[in-house]
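Please examine the sequence and the three-dimensional structure shown below. The paragraphs that follow lead through selected parts of it.

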Amino acid sequence: MNLKLAPGLSIRKSPINGNGCFATIRFRRGHKIAEYAGERITDLEARRRAGRAKLRICDIDGRWSLDGSRGGNGTHYINHSCRPNAYMKTLYGHVLFFALRDIRRGQEITVDYEDTLHPDSKPCRCRAPGCRGTINRV
């Protein structure tokens, strides 16, 4: 994989889905993990690209999105979980990931996607207790 990763992250096979994003250092609860990186595109272009088999697009503000498959830093491999250990927050046009609880070195970093360009029927594979069964919150 020829990709410049955000500090503290590695990409490897995930038990959830495909490749995942894993911590190479400890992230303390409430601390920033990384910023989502990728090509800045309009939401119209994001919807056009939504038909891809692998979707790596993150909304910024309802007008703009980032396509992590182009110019990403590994954060586009963060998988969904219904019981995540991280969350996303958009600040001044930047999409940031923060630790919901302490994340140990070697742990997969996950977020609750809640609302995506994926169809509402896309099944969740997180296997977390209380899994809602779909990626989107419907």
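Predicted model: local features only at pLDDT ≥ 70, side-chain atom pairs only at ≥ 80, totals over all residues.

Which backbone oxygen lies 3.1 Å from a polar atom of the side chain of N79? The backbone oxygen belongs to N17. Such a pair is a polar contact, defined as two N or O atoms within 3.5 Å; within protein, one must be able to donate a hydrogen and the other to accept it, and residues adjacent in sequence count only if both atoms are side-chain atoms.

Residues are numbered from 1 along each chain as its sequence is written, and side-chain values use heavy atoms, with hydrogens and water left out. The term pLDDT denotes the predictor's confidence in each residue, from 0 to 100. For the protein chain its mean is 90, and 93% of the residues reach 70 or more. Among the elements of the chain, β3 has the highest mean pLDDT (98), and β5 has the lowest (88).

N79 belongs to strand β7, residues 79-80; strands are DSSP runs of E with at least two residues, and helices are runs of H or I with at least four, numbered from the N terminus. N79 counts as buried because its relative accessibility is 5%. Here buried means under 20% relative accessible area, exposed over 50%, and partly exposed in between, computed with a 1.4 Å probe on protein chains only. Contact means heavy atoms within 4.5 Å. Beyond its neighbours within four places in sequence, N79 is in contact with residues including S14, I16, N17, E108 and Y113.

The next element is strand β9, residues 94-99. Of its 6 residues, 5 are buried, so the strand is largely enclosed by the rest of the structure. Strands of a sheet pair through backbone hydrogen bonds, either parallel or antiparallel; in this description, two strands pair if DSSP finds at least two bridges between them. Strand β3 (residues 32-35) is joined to β9 by 3 bridges, and the two run antiparallel. Within this pairing, E35 has L96 of β9 as its bridge partner. Strand β8 (residues 86-91) also pairs with β9 in the antiparallel sense, over 6 bridges. A86 is partnered with A99 of β9, and L91 with H94 of β9.

What lies between β8 and β9? The two strands form a hairpin with 2 residues between them. Y92 is placed in this loop and has a positive phi of about 50° although it is not a glycine. Y92 is exposed, with a relative accessible area of 82%. A positive phi also occurs at R127, which is not a glycine and has a value near 60°. R127 lies in the segment after β10 (110-111) and counts as exposed at 62% relative accessibility.

The interior is considered next. In soluble globular proteins, nonpolar side chains tend to be buried together. A nonpolar core is a set of buried Ala, Val, Leu, Ile, Met, Phe, Trp, Tyr and Cys residues joined through side-chain atoms within 4.5 Å. The largest such core has 21 residues, of which L9, F27, I33, I103 and I109 touch the most other members. Strands β1 (9-13), β2 (19-23), β3 and β9 each supply at least two residues of this core, and the largest share, 3 residues, comes from β9. Apart from neighbours within four places in sequence, I103 is in contact with A23, F27, I33 and I109, among others.

A23 itself lies in strand β2 and is buried, with a relative accessible area of 2%. A23 and Q107 are 84 residues apart in sequence, yet their C-alpha atoms are 5.7 Å apart in space. Q107 is one of the contacts of A23, as are G8, R105 and I109.

Finally, there is an open sheet of 3 strands in the order β4-β6-β5, with antiparallel pairing. Strands β4 (39-42) and β5 (57-59) stand at the edges, each with a single partner strand, so one side of each is left without a neighbour in the sheet. Between β5 and β6 (residues 64-67) there are 3 bridges, and D59 stands opposite S65 in β6.
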